[in-house]
Amino acid sequence: MFKRKSVLYTWCLSYGLLLLMMVVMCIMLGRNARNQLISEYKSITQTLQKQSNNAINDYFDELERCAYEISNDYLVNDFVSTPDPSGSKYYNLQPIQQSLSVYALQSGGEVSRYLYMDNIGRALSSDAIFRLHEFYASLGLEAAMSAGDFTTLLQDYHYNELYVFETGGKSEALMLTSVPLVGGTPKGTLVQVMNPETIAGMIQSNSAVEDSTTVLLDSDGSLLSATGDAAVAELLENADVSSAEDSEITLGGQLYWIQRERLPKAGWHLITVVPMSSIGAKSDWIIRRALPVMLAMVCMTAVLCLCFLYIQYKPLNRLRKELAGTAGHALSGNEYDQLLAAFTDAKSSRDQIQMLWENQRNELRQEFV
């Protein structure tokens, strides 16, 4: 059926290009849908990370609120402003401790609060009174800083300043606030020790997927809290990702998508990384769902093209054979060329017959005359 220079070659090529265009279109639509899903997935991750950011900032706001209330408590200001309190002044320690307990309960007991008063060299918590060296030891800062540096730190002026210390292989975050906040040299310092599990819970509650890893780094790049894969968290701590934001990076030979949020109050960095393989796996269902549909469409289109070729070519081929056989024209060129040659031969034969008839008519007229 297929011959050299047959129109079937042209038709099959045209329909083949049509099928190829359909396949390319289906692939492009599938990829666009996959990219759109990945974009939406990243957008959801960014939204959840912003929620974690807001939750941690609200946590800092709560710490600052408590610091403001404690620092402006009249008993606290009265006690720390007395150079050498004695007698009845010492009875105010218990109400001050009760105030620390009340403020701690208001924030859900998530923070350990200590009020250090320089005039008596004591630090108060809601349930204990510490000497300076006992207070220093209770915070576990022996490996982080010297006792002299700790004393200097307590006697400096602070306004809700955050400090991070490496103690016992983990980071401990403190918020220091001087008492009183205004006027004169501060006579006391409010120390609020943050609970890392609380911050980790805020991050965990807003995790995008089960295989994402979110870390909280301080301004120096030290790890404060982490959820997810511990190995990835360690890689993040050792990598320079403080400037990365909504980009792709390679960690440990694997490609990750990274999203960074900066906490404005503390200057800390909240970083979420998700393996690109995980994001791809969550969008592969588009290709798996679209592939059978695409194959069905291609097969149906191929069958329609074959039927159309058969319907078109069958009468063309029959007409070509009949005309070519009648005219005695040799098979050459495509079917349309052969039909054109056959019609040309037929027209030439008709012209010759007309000329013969004209000659015969002229001869008969002359004989008649």
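**Close-up views of a predicted model**

**View 1. Lining of the largest pocket.** Strand β5 gives the largest share of the lining of the largest pocket, with four residues. This is a predicted model, in which local features need pLDDT of at least 70 and side-chain atom pairs count only at pLDDT 80 or more, whereas totals for chains, interfaces and linings use all residues. Residues are numbered from 1 along each chain as its sequence is written, and side-chain values use heavy atoms, with hydrogens and water left out. The largest pocket holds about 200 Å³ of space and is lined by 16 residues, with Ser171, Glu172, Ala173, Met194 and Pro196 nearest its centre. Two or more lining residues come from each of β5, α6 (196–205) and β8 (223–227). (A pocket is an open set of points on a 1 Å grid over the protein atoms alone, where a 1.4 Å probe fits, with protein on both sides within 12 Å along at least five of seven lines; lining residues have an atom within 4 Å of a point.)

View 2. Ser178 counts as buried because its relative accessibility is 0%, buried meaning under 20% relative accessible area with a 1.4 Å probe and protein chains only. A polar atom of the Ser178 side chain lies 2.5 Å from the backbone nitrogen of His158, and a polar atom of that side chain lies 3.4 Å from the backbone oxygen of Asp156.

**View 3. Helix α9 (residues 335–368).** The end C-alpha atoms of α9 are 49 Å apart, which agrees with the 50 Å that its 34 residues should span at 1.5 Å a residue, the expected span being 1.5 Å times one less than the number of residues. The buried residues of α9 are Glu335, Gln338, Leu339, Ala341 and Ala342.

Conventions
Buried < 20%, exposed > 50% of the residue type's maximum accessible area, 1.4 Å probe, protein only. Polar contact = N/O pair within 3.5 Å; in protein donor to acceptor, adjacent residues only side chain to side chain. Points joined across faces, edges and corners; volume = space filled by probe spheres on them.
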